[in-house]
Amino acid sequence: FMHLADVSNPLKPFPICRAWAWRVLDEFFAQGDEEKKLGIPVGMLNDRDKINRPNSQIGFIEFLVSPLMAMTSNLFPALQPLSTQLYENAATWKGLWVEDAAPPAEEVEKVEGRLVKLKATLVK
């Protein structure tokens, strides 16, 4: 459970989830700014000029948090509401990504397809 606690902000109600995501991304971007100043390669998630905040959170949820949470809620069914919250937060991030980035329709469709798979994995 230690590792799940380390990445638990997407399991919280969205206002808390967003606040923590912004804090973490601000820290990543500050590191990227320093990397730029030093003339060294900027870490993949550290470049504020290339990362879309809401979209980065969809990936974080999809690839890191959801596999861990799916296994945990299968072992401990009482935690299922957290899996549902995780999916709902991913869907909210998708809406913010669309508002923020105005992606092409085909990109939106791809992300919506990913969310369908995410829902099937998380929401029982």
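1. In this predicted model, the side chains of Arg53 and Asp26 are joined by a polar contact of 2.6 Å. Arg53 lies in helix α3, which covers residues 53-75. With neighbours within four places in sequence left aside, Arg53 is in contact with Trp22, Leu25, Asp26 and Phe29.

2. Is Arg53 buried or exposed? Its relative accessible area is 19%, and the cut-off for buried is under 20%, so Arg53 counts as buried.

3. The largest nonpolar core has 21 residues. Those that touch the most other members are Leu11, Ile61, Leu86, Trp93, Leu115, Leu118 and Leu122. Two or more residues of this core come from each of α2 (14-38), α3, α4 (80-101) and α5 (105-122). In soluble globular proteins, nonpolar side chains tend to be buried together.

4. Ile61 can be followed through its contacts. Beyond its neighbours within four places in sequence, Ile61 is in contact with Pro10, Ser66, Pro67, Leu86, Asn89, Ala90, Trp93 and Leu118.

5. How do α4 and α5 pack? The angle is about 175 degrees and the axes are 10 Å apart. Angles over 145 degrees count as roughly antiparallel, and α4 and α5 are therefore roughly antiparallel to each other.

6. On the α4 side, the residues that meet α5 are Gln80, Ser83, Leu86, Tyr87, Ala90, Ala91, Lys94, Trp97 and Val98. On the α5 side they are Glu107, Val108, Val111, Glu112, Leu115, Leu118, Lys119 and Leu122. By class, this contact has eleven nonpolar, two polar and four charged residues.

Notes: Residues numbered from 1 in each chain as written. Predicted model: local features only at pLDDT ≥ 70, side-chain atom pairs only at ≥ 80, totals over all residues. Heavy atoms only, no water. Helix = DSSP H or I, 4+ residues; strand = E, 2+ residues; numbered from the N terminus. Buried < 20%, exposed > 50% of the residue type's maximum accessible area, 1.4 Å probe, protein only. Polar contact = N/O pair within 3.5 Å; in protein donor to acceptor, adjacent residues only side chain to side chain. Contact = heavy atoms within 4.5 Å. Core = buried A, V, L, I, M, F, W, Y, C linked by side-chain atoms within 4.5 Å. Axes fitted to C-alpha atoms, helices over the stretch in contact; angles between N-to-C directions. Parallel < 35°, antiparallel > 145°, perpendicular 65-115°, else oblique. Nonpolar A, V, L, I, M, F, W, Y, C, P; charged D, E, K, R; others polar.
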